[in-house]
Amino acid sequence: MQLKNIAAAVIAACAVLSTSAALGHGEKAHSKARPYDAAKVEETAFGRQGDPAKAKRTIRVDMSDAMRFTPADVSVKRGETVKLAAINKGQLLHEMVIGTADELKKHAEMMKKFPGMEHDEPHMTHVKPGESGEIVWQFTKPGEFHFACLLPGHFEAGMVGKVTVK
C-alpha cells in the first residue's frame, strides 16, 4: 500500500514538473545574445563564447518546420569569431545548439526525457516563430562540429547542421 502511494506521488510530481517545464522552455526570451563576460568564458571541445566586438562575420541560418537548417553546412576559420543569426521561418519553436555530434545526441536524449528543461548557455538559442536569435561563438579548434534543434522530434527528423573549422 505504501509503495502505491509513493508511486502515485512520483507520477503526480513528474506530471507537474513536466507541465511547468514545458511551458517554461519557450517562455523565456532565449533569443537574445547572452551577455559577454570574458571572466566567465569557458572553453569547450568546440570553442568558446565569442566577444561580439570581435565578430567580423554574421552567418544567417534559417530554421523551418520542415525540420531543416538553411544552410546546413557552414565553414569558419580556426580562431574566427562569428555571429550565427538563427531565423525561425516556421510556426513552431526551434532552437540552435552547437556541439560535438556525441554531445548533441546525449542532449537530444535528455530533451526527450525532460522536454521542457530550461537551459541558457552561450552555445544555444531558442527562437520563437517569426523571431530571430543569435550565438556569438569563437571556434578555437579545427574539426567538424554540429548545430541542431534538440526539441523532441526535431533532431530525430534531421534538424542538424555542420560547422567545418579549418
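Q: Which residues touch the most other members in the largest nonpolar core?
A: F69, M96, I98, F139, F147 and L150 do, in a core of 33 residues. A nonpolar core here is a set of buried Ala, Val, Leu, Ile, Met, Phe, Trp, Tyr and Cys residues joined through side-chain atoms within 4.5 Å; buried means under 20% relative accessible area, with a 1.4 Å probe and protein chains only. This is a predicted model, with local features needing pLDDT of at least 70, side-chain atom pairs pLDDT 80 or more, and totals for chains, interfaces and linings using all residues. Residues are numbered from 1 along each chain as its sequence is written, and side-chain values use heavy atoms, without hydrogens or water.

Q: OK, what does F69 touch?
A: Beyond four places away in sequence, its contacts (heavy atoms within 4.5 Å) include M63, M96, F147 and M159.

Q: New topic: what's the strand order in the open sheet?
A: The order is β1-β8-β5-β2-β3, with mixed pairing. Strands are DSSP E runs of at least two residues, numbered from the N terminus, and two of them pair if DSSP finds at least two bridges between them.

Q: And which strands stand at the edges?
A: β1 (48-49) and β3 (68-70), each with a single partner strand, so one side of each has no neighbour in the sheet.

Q: How do β5 and β8 run, parallel or antiparallel?
A: Antiparallel, with seven bridges joining residues 81-88 to residues 132-138.

Note on methods
Buried means under 20% relative accessible area, exposed over 50%, partly exposed in between (1.4 Å probe, protein chains only). Helices (H or I, at least four residues) and strands (E, at least two) are DSSP runs, numbered from the N terminus.
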